[in-house]
Amino acid sequence: MRALYDPERHEPLAELAWSESRAREAIESICRDVEGAFAGDRLWPMHPDDYEPGTPADGVLRGLYVGAAGVLHGLWRLAEQGLHELTIDGAAVAGRLHAASLTSPDEPGAGPSLLAGSSGILLVADRFAPSARTRELLADEIAGNVEHASNELLLGAPGTMLAARAMYDRTREDRFAHLWRESARTLLVRQEPDGLWTQDLYGQRLRYIGAAHGFAGNVRALFGAPEWLDAPAELEQQALSAARAFAVSEGEFANWPALDIGSRTGAPPRVQWCHGAPGMITSLAGVGKGDDTHSNLLEAAGEFVWKVGPPSPNAGLCHGTAGNGFAFLSLFSRGGDERWLERARAYAMHAIAQVRRLRAVTGHGRYTLFTGDLGAALLTAACLRLDPAFPGIDDL
């Protein structure tokens, strides 16, 4: 088992019984804390753990991943589901994020990307206040990202493909379908014979496998609109073969390394949404539904996520308990086995407890979509609704 993960990155699952009333109370508590931390033009305070090289000196972040757009998206989703009453003027806040992001991006090179750049911001702004001008800007941003070199979700065309699909669903405007197809053609031309892509990312050329930066995220983007693909069955079979080829199995368990070459440092694989089995499950649960071998592989990965316990000490989506919990919901949605729903709910209760524990230690919450407290609230809401849609990826 130690070849599949690092035990130091995980903690025992808390034995907390699922309760719908406590779940709803916890969601509202998190939302009230998030709204209470809003600081006007300063938006939300940045958590120390979210600082990265290139972070703006003023610490004001605006994007979908760890910025204000993501916070607004999470709050809107919970309000839409009747689990919170939004008191912030979301349209006003979202409407002023785009212009500021052009001069002070969340990270260097964020550009028009979905998660770190302007496309995600415009998607959220259009959600709160639909306008022809916003949609024109967004179409231009997606077009400008079609040939991005990174070949992954965070910065590249796979992310803006998700934006194009979401905007087509909202508007039925053919230009967004056209932009999706252009992006898909470029991505497929760059796909390598074994089904992977090379990511040209942050000055390095590597081949990532997982959801955030690699193969699985690209497959998720492509199968967001299989009806727009020229040969979906062929592409699906290639994806299933690649998923099997790069899996690392031990007994009844399976995981995936971050890179096709394993680890550059000798460290064992991660077990989180961005790298490892949870993100592979959420990205690939929608393909190969009639393939028993693929189903068995995903089940082995799900059993592994359950076996190792929640990530420590993070409740969030990208590399925390909430993201891993969505893997269980994806398996429940795929096969209908109630044990996966029970496990997702157990992780939701644990994530809520983590939020409270970490807030007691630091004296404040963590206010982002992908790394913060809203992830726990969104997993809990998803367990109420039996909805496996991964926030910021599947629910745009």
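Guide: Leu43 counts as buried, at 3% relative accessibility, where buried means under 20% relative accessible area, exposed over 50% and partly exposed in between, with a 1.4 Å probe and protein chains only. This is a predicted model, in which local features need pLDDT of at least 70 and side-chain atom pairs count only at pLDDT 80 or more, while totals for chains, interfaces and linings use all residues. Residues are numbered from 1 along each chain as its sequence is written, and side-chain values use heavy atoms, with hydrogens and water left out.

Although Leu43 is not a glycine, its phi is positive, at about 60°, and the residue belongs to the loop between helix H1 (20-36) and helix H2 (68-80); helices here are DSSP runs of H or I with at least four residues, numbered from the N terminus. Asn151, also not a glycine, has a positive phi near 55°, and its place is the loop between helix H6 (132-143) and helix H7 (157-171). With a relative accessible area of 7%, Asn151 is buried.

A further backbone feature concerns a peptide bond: Ser312 and Pro313 are joined in cis, with omega about -5°, and Pro313 is found in the loop between helix H12 (292-308) and helix H13 (321-335). As background, most residues other than glycine have a negative phi, and most peptide bonds are trans.

Technical notes
Helices (H or I, at least four residues) and strands (E, at least two) are DSSP runs, numbered from the N terminus.
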